[in-house]
Amino acid sequence: MTDKYILKKDHLLPLLRKLKKTHRLIAPVQNRHGDTLFTVIDNLDEVRIDLENQAQNSLKQFFFPQQETLFSYSNPAGDSYHFEPVAEEIPPTLYFGVRPCDLAAVLYLDVVFLKNAKDPNYLQKRQNSILVGLNCNDPFASCFCNATRNGPFTDCGFDLQLTDLGDRFLVEYDRSRGQEIISQWRQFFAQAGEQDVKAQYQAFLEARGKFKLQVHLDQAVKKLAEDEVPDSVWEELSMRCQDCGGCAYICPTCTCFTISDLQTSDHAGERIRSWDACTFSGFTRMAGGHNPVDRQMRGIEKRFRHKLQFDVKKDNRPSCVGCGRCVNICFGGTDIVRFINMTCCENS
Amino acid sequence: MAGLATTFGSGAMTNSINEIENAQVMLVIGSNTSEAHPQVARRIFTAMDRGARLIVIDPRRTLLARRADIHLAIRPGTDIPLLNAMMRIILDENLADDLFIEMRTENFYGLRDMLYRLDLEETARLTGVDLAGIRAAAQLYGRAQKAVICYCLGITQHVCGTGNVQAIANLAMLTGHVEKEDTGVDPLRGQNNVQGACDMGALPNVFPSYQQVDIDDYREKFERAWHACLPSQPGLTLMEMTHGGKNGPLKAMFIMGENPVLSDPVQARVEETLDNLEFLLVADIFLTETARRAHVVLPAASFAEKTGTFTNSERRVQMVRRVIPPLGQSRTDSDIIMDLSARLGYAMDYESPAEIMEEISMLAPIYGGMQHDRLENSWGLQWPCWDRRHSGTPFLHKYYFTRGKGRFVPTVHEPPAELPDEDYPFLLITGRIYHQYHTGTMSRHSALLSREAGEALLQLHPGDGRRLGVRSGDLVRMRSRRGEVQVKAQLTETVKAGEIYTTFHFSEMPVNRLTISAKDHFSQCPEYKICAVHLEKV
């Protein structure tokens with residue numbers, strides 16, 4: 001007896017239909033323009049869940065929205081302020097088709113938003129979420145989660161985890177909520193045999209050999225820790241950076257935000273949190289105009305140091321999860337893979 | 001437009017944007033590409049990654065100039081002498097493509113004779129660049145097999161704009177750097193659809209597809225299609241319309257999606273012209289400085305609210321699709337025009353944008369095969385696309401130029417209309433920055449873009465700053481013979497001593513109060529790039 005189960009591919013949709021009765025369902029869906037995005041599914045029969053392509057967005061936007069009202073405030077009498085939390089009902093949500101990189105990213109967001117002071121907005125969205133993952137048999141063109149060591153397969157952090165074995169999925173659970181789903185919908189899950197487990201190992205072995213990029217992340221981490229990255233690398237990358245902020249917005253672990261107050265009337269307003277990017281000059285510019293960071297020479301430095309140096313020092317792991325989205329989106333070729341390659345080539 | 005039309009026969013990028021990645025040498029002149037055309041700059045970077053060399057000719061040490069193998073910090077307005085000097089060096093060093101010149105061009109002797117009369121030392125002195133640098137650039141460009149020239153408004157917004165473009169065309173033809181893939185002359189367009197507007201005849205002298213109004217066959221074709229009598233004389237150019245003054249040629253204007261109060265030179269003159277119209281109608285998505293002066297403003301729909309096509313810099317016609325219905329009382333441009341036309345007594349009954357496109361493809365030969373169904377599920381088609389079997393044209397002038405043979409038009413230096421003197425000692429260059437778009441009608445509504453660049457800055461050389469007692473962040477008064485503004489200084493070595501640079505994005509600092517109305521004789525494009533100003537600390 002193992003803790004592993006088999007779900008026939010033909011039974012996936014019926015299972016999701018059952019789960020959708022009690023949960024909001026979010027999964028990668030290919031839209032009519034051919035783009036695959038994690039999307040809230042209203043009607044399972046009208047969409048095509050796409051497990052062949054990488055979703056262009058990660059789960060970040062669902063837990064940490066691009067723009068979010070934190071609270072509203074009012075000052076009716078003109079003397080003392082009254083604060084009101086924004087009451088937004090977040091239904092229990094099931095995220096389906098979460099790749100190991102995106103799963104690792106959510107676990108990283110947990111550290112950012114829940115480790116010390118607990119962020120109530122994040123907590124509310126996170127605590128009633130169920131993560132159903134999918135291991136990657138065929139890493140995508142820009143993937144390098146083997147270098148960040150959170151993929152292509154994962155064995156922890158999920159509620160349920162699926163591995164594609166051709167006509168069936170091998171199903172594992174790590175958290176009690178996953179186990180509950182299996183016991184509640186027992187008719188969908190058969191006990192996995194030894195052959196199935198062997199097939200999973202085989203898929204894992206094969207997947208590890210399919211990465212197209214070779215990324216020496218460990219070396220870059222070491223060079224950063226020893227302060228051996230030459231200025232020319234920062235300079236070259238900062239000058240190439242086109243300042244679009246795409247890398248930070250699409251990154252599943254970038255959590256920089258800015259706070260602004262939106263006045264809604266003479267005596268009331270809302271405090272809003274929106275995504276920001278450390279590469280923007282306005283992120284570090286001070287009142288009076290001085291900017292401690294010369295954007296054209298060092299603008300991109302913080303981004304890579306944060307991911308590969310400061311977080312390693314703090315949590316003993318880099319906060320890049322190797323999803324490769326920034327590689328795909330970057331205009332000027334200043335993504336993290338180029339940084340790592342440049343860093344590793346410069347001194348050799 | 002006029003420059004390439006007279007030399008090649010077609011005024012558009014000869015290459016596709018992607019082809020730039022494969023060039024061996026890129027000559028960027030009069031273009032701050034990484035700020036104004038990031039998608040093109042990205043291809044330039046990729047080409048450099050693959051070993052290509054970059055030459056930048058620009059008075060300012062822009063970000064791109066800093067990355068260049070050769071940067072020639074030219075004195076503003078001396079592009080023709082510099083290009084002529086390069087051509088002379090190419091002739092002297094036997095780098096000209098004789099076969100290409102023989103087979104594909106005409107009037108080479110006219111150019112050659114002019115170049116041989118040139119005093120190289122003297123010409124170099126005029127440009128403020130040392131001859132060795134010009135020689136290195138000429139050799140690099142002349143020897144390359146695949147070379148592209150990218151240029152932009154730093155070339156065209158001069159009194160000699162047409163001449164500048166002709167000099168560029170001469171250089172490309174002299175070395176055989178046209179008519180091929182990954183090789184050519186690429187004017188970069190500044191707006192998503194400015195190429196499309198020109199293609200559709202939003203020019204004074206042509207119908208769609210560049211069919212001249214004064215050629216009877218063309219005009220009669222459109223008269224038959226539209227059941228109307230059409231003028232055989234070219235209309236007015238932009239500056240003739242917005243600079244007419246009190247007794248201008250126009251009584252009424254209908255302005256769509258343009259903000260001439262901020263974007264045209266000599267603001268006072270534009271305001272006087274608009275205020276003296278009997279009727280001013282403006283259609284825009286926001287209440288612009290121009291719209292505020294209108295008798296009637298029609299709220300227009302944004303890109304997300306309408307279906308149609310945009311034609312980009314590389315002649316690619318792409319679909320834009322309606323995502324949401326027009327908000328509030330706003331309406332699409334085509335709805336506005338059709339309704340207006342109907343009320344004026346001429347019915348325009350088009351059921352859909354697709355029907356309009358069908359008419360375009362019938363009347364405009366270069367759009368011949370471009371119906372919506374062909375554009376819908378693709379990245380679009382590049383003109384010329386003659387019929388429905390044609391797959392579009394990635395690069396122009398294959399086998400022969402549009403006009404038959406490429407024509408060398410020798411050009412000589414024409415000094416700028418107004419150079420610095422004792423009273424107005426600084427040379428002001430106007431341009432654009434990355435985070436704002438044109439007069440800010442749209443981009444200034446973004447809080448993030450405003451945080452990144454929310455006010456106009458005047459780039460001033462630190463040496464000049466010291467002399468004037470101005471530090472970064474100080475307010476300076478900038479005065480020309482036409483007006484004055486106040487602006488915050490930013491000391492930087494991006495500009496040379498004696499030259500200053502600022503942008504026209506911000507209505508609080510309308511720099512076009514200062515600019516000059518002098519314009520190119522052929523294209524009527526104003527000289528935004530050079531005027532003389534006086535500076536003092538406030």
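Which way do B:G184, B:D186, B:V185 and B:P187 point from strand 6 of chain B, and are they buried or exposed? In this predicted model, B:G184 and B:D186 point one way from strand 6 of chain B, B:V185 and B:P187 point the other way, and all are buried.

## The parallel sheet of chain B

The partner that joins strand 6 of chain B is strand 5 (residues 147–151) of chain B, which runs parallel to strand 6 and is joined to it by 4 bridges. Within this pairing, B:I149 stands opposite B:V185, while B:Y151 stands opposite B:P187.

Strand 1 (residues 25–29) of chain B is largely enclosed by the rest of the structure, because 5 of its 5 residues are buried. Both of its faces are covered, with B:V25, B:L27 and B:I29 buried on one side and B:M26 and B:V28 buried on the other. Strand 1 of chain B is joined to strand 5 of chain B by 5 bridges, the two strands running parallel, and in this pairing B:M26 stands opposite B:V148. Strand 1 of chain B also pairs in the parallel sense with strand 2 (residues 53–57) of chain B, over 5 bridges, and here the bridge partner of B:L27 is B:I55 in strand 2.

| Strand pair | Sense | Bridges |
|---|---|---|
| Strand 5 and strand 6 of chain B | parallel | 4 bridges |
| Strand 1 and strand 5 of chain B | parallel | 5 bridges |
| Strand 1 and strand 2 of chain B | parallel | 5 bridges |
| Strand 13 and strand 14 of chain B | antiparallel | 2 bridges |

## The antiparallel sheet of chain B

Chain B also holds an open sheet of 3 strands in the order 12-13-14, with antiparallel pairing. Strand 12 (308–311) and strand 14 (381–382) of chain B stand at its edges with a single partner strand each, so one side of each is left without a neighbour in the sheet. Strand 13 (residues 316–320) of chain B pairs with strand 14 of chain B over 2 bridges, and B:V317 has B:L381 in strand 14 as its bridge partner.

## A helix pair in chain B

The axes of helix 5 (residues 79–92) and helix 9 (residues 131–143) of chain B come within 9 Å and cross at roughly 65°, and the crossing in which helix 5 of chain B passes helix 9 of chain B is right-handed. From helix 5 of chain B, the residues B:L82, B:A85, B:M86, B:I89 and B:I90 meet B:I134, B:R135, B:A137, B:A138 and B:G142 of helix 9 of chain B. By class, the residues of this contact divide into 8 nonpolar, 1 polar and 1 charged.

## Domains and their contacts

The domain assignment divides chain B into domain 1 (2–188), domain 2 (194–382) and domain 3 (426–537). The C-alpha centres of domain 1 and domain 2 of chain B lie 33 Å apart, and the contact between these two domains takes 5 residues from each of them. On the side of domain 1 of chain B that touches domain 2 of chain B, 4 residues are nonpolar, 1 is polar and none is charged.

For chain A, the assignment gives domain 1 (5–58 + 91–208) and domain 2 (217–346), whose centres, taken over C-alpha atoms, are separated by 28 Å. Here 18 residues of domain 1 of chain A are in contact with 15 residues of domain 2 of chain A. On the domain 1 side of this contact, the elements that give two or more residues are helix 3 (100–114) and helix 5 (145–148) of chain A, and helix 3 of chain A gives the most, with 8 residues. That side of domain 1 of chain A has 12 nonpolar, 5 polar and 1 charged residues.

## Where the chains meet

Between the chains, 13 residues of chain A are in contact with 15 residues of chain B. The side of chain A that touches chain B has 3 nonpolar, 8 polar and 2 charged residues.

Terms used. Residues are numbered from 1 along each chain as its sequence is written. Chains are lettered from A and ligands numbered from 1 in the order in which they are written. This is a predicted model: local features need pLDDT of at least 70, side-chain atom pairs count only at pLDDT 80 or more; totals for chains, interfaces and linings use all residues. Two strands pair if DSSP finds at least two bridges between them. Two residues are in contact if their C-beta atoms, placed from the backbone, lie within 7 Å. Ala, Val, Leu, Ile, Met, Phe, Trp, Tyr, Cys and Pro count as nonpolar, Asp, Glu, Lys and Arg as charged, and the others, Gly among them, as polar. Domain bounds come from an automatic or database domain assignment. Axes are lines fitted to C-alpha atoms, for helices over the stretch in contact, and angles run from 0 to 180 degrees between N-to-C directions. A crossing is left-handed if the near helix is turned anticlockwise from the far one by less than a right angle, and right-handed if clockwise. A residue is buried if 20 or more other C-beta atoms lie within 10 Å of its own, exposed if 12 or fewer, and partly exposed in between; C-beta atoms are placed from the backbone.
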